[in-house]
Amino acid sequence: MEAGLGKMFEWKDVCKTVEFYRRSLNLSQNKLARLLGVMPSTVGVWERGIKEPRASSLVRLARTLNVSEIDLLHPSEEVKKKIEEMNL
């Protein structure tokens, strides 16, 4: 584990965080896929937790969503609360 990352993360939580940030930018899965240069189904499988993005995709994903990789892997308590509200 890298220094500064704190406790390990769960990919099921990361996929919800990706969806939250995508929605907060009013991006469809298709639009995000085009911005990232991946197939639209790829974003869907990331958000459902079926597949994990490669490290290089995670970097591009964070940049495209205007957040850091740490924000994707370890969202703040405020973001976690908003994700919970989104999933109600």
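The model is predicted: local features require pLDDT of at least 70, side-chain atom pairs count only at pLDDT 80 or more, and totals for chains, interfaces and linings use all residues. Residues are numbered from 1 along each chain as its sequence is written, and side-chain values use heavy atoms, with hydrogens and water left out. The chain contains six helices and zero strands, where helices (H or I, at least four residues) and strands (E, at least two) are DSSP runs numbered from the N terminus.

**Overall architecture**

- Along the sequence, the pattern reads α-α-α-α-α-α.
- Of the 88 residues in the chain, 34% are buried; buried means under 20% relative accessible area, exposed over 50%, and partly exposed in between, with a 1.4 Å probe and protein chains only.
- Among contacts (heavy atoms within 4.5 Å) with a separation of 6 or more, 61% join residues 24 or more positions apart.

**Nonpolar core**

- The largest nonpolar core has 20 residues, of which Tyr21, Leu32, Leu61, Leu65 and Leu72 touch the most other members.
- At least two residues of this core come from each of helix 1 (11–24), helix 2 (29–36), helix 3 (40–47), helix 4 (55–64), helix 5 and helix 6 (77–86).
- Helix 1 provides the largest share of this core, four residues.
- Such a core is a set of buried Ala, Val, Leu, Ile, Met, Phe, Trp, Tyr and Cys residues joined through side-chain atoms within 4.5 Å.
- Not counting residues up to four places away in sequence, Leu61 touches Val18, Leu32, Leu36, Trp46 and Leu72.

**Aromatic pair**

- One aromatic pair is found in a search of the whole structure.
- The pair consists of Phe20 and Tyr21, and it is edge-to-face because the ring centres are 5.3 Å apart and the planes stand at 65°.
- The criterion covers rings of Phe, Tyr and Trp (its six-membered ring) with centres within 6.5 Å; planes under 30 degrees apart count as stacked, over 60 as edge-to-face and the rest as tilted.
- Phe20 has a relative accessible area of 14% and is therefore buried.
- Tyr21 is likewise buried, at 11% relative accessibility.

**Salt bridges**

- The structure holds four salt bridges, each defined as a side-chain nitrogen of Lys or Arg within 4 Å of a carboxyl oxygen of Asp or Glu.
- One of them joins Glu47 to Arg22, with the closest N and O atoms 2.5 Å apart.
- This pair links distant parts of the chain, since Glu47 lies in helix 3 and Arg22 in helix 1, 25 residues apart.
- Glu47 is buried at a relative accessible area of 8%, and Arg22 is buried at 8% relative accessibility.
- Another bridge joins Glu19 and Arg23, whose closest N and O atoms are 2.9 Å apart.
- Glu19 and Arg23 are four residues apart in helix 1, so about one helical turn separates them.
- Glu19 is buried at 15% relative accessibility, whereas Arg23 is partly exposed at 43%.
- Glu78 and Lys82 also form a salt bridge, at 3.2 Å from N to O.
- Both Glu78 and Lys82 belong to helix 6, where they are four residues apart, about one turn of the helix.
- Glu78 is exposed at 53% relative accessibility, while Lys82 is partly exposed at 38%.

**Packing of helix 1 and helix 3**

- Two packed helices are described by the angle between their axes and the distance between the axes.
- Helix 1 and helix 3 pack at about 125°, with their axes 7 Å apart.
- Axes are lines fitted to C-alpha atoms, for helices over the stretch in contact, and angles run from 0 to 180 degrees between N-to-C directions.
- Helix 1 and helix 3 are therefore oblique to each other; angles under 35 degrees count as roughly parallel, over 145 as roughly antiparallel, 65 to 115 as roughly perpendicular and the rest as oblique.
- Cys15, Val18, Glu19 and Arg22 of helix 1 meet Val43, Trp46 and Glu47 of helix 3.

**Glu69**

- Glu69 lies in helix 5 (residues 69–73) and is partly exposed, at 29% relative accessibility.
- Apart from neighbours within four places in sequence, Glu69 contacts Leu58, Val59 and Ala62.
- The C-alpha atoms of Glu69 and Ala55 are 9.6 Å apart, and the two residues are 14 apart in sequence.
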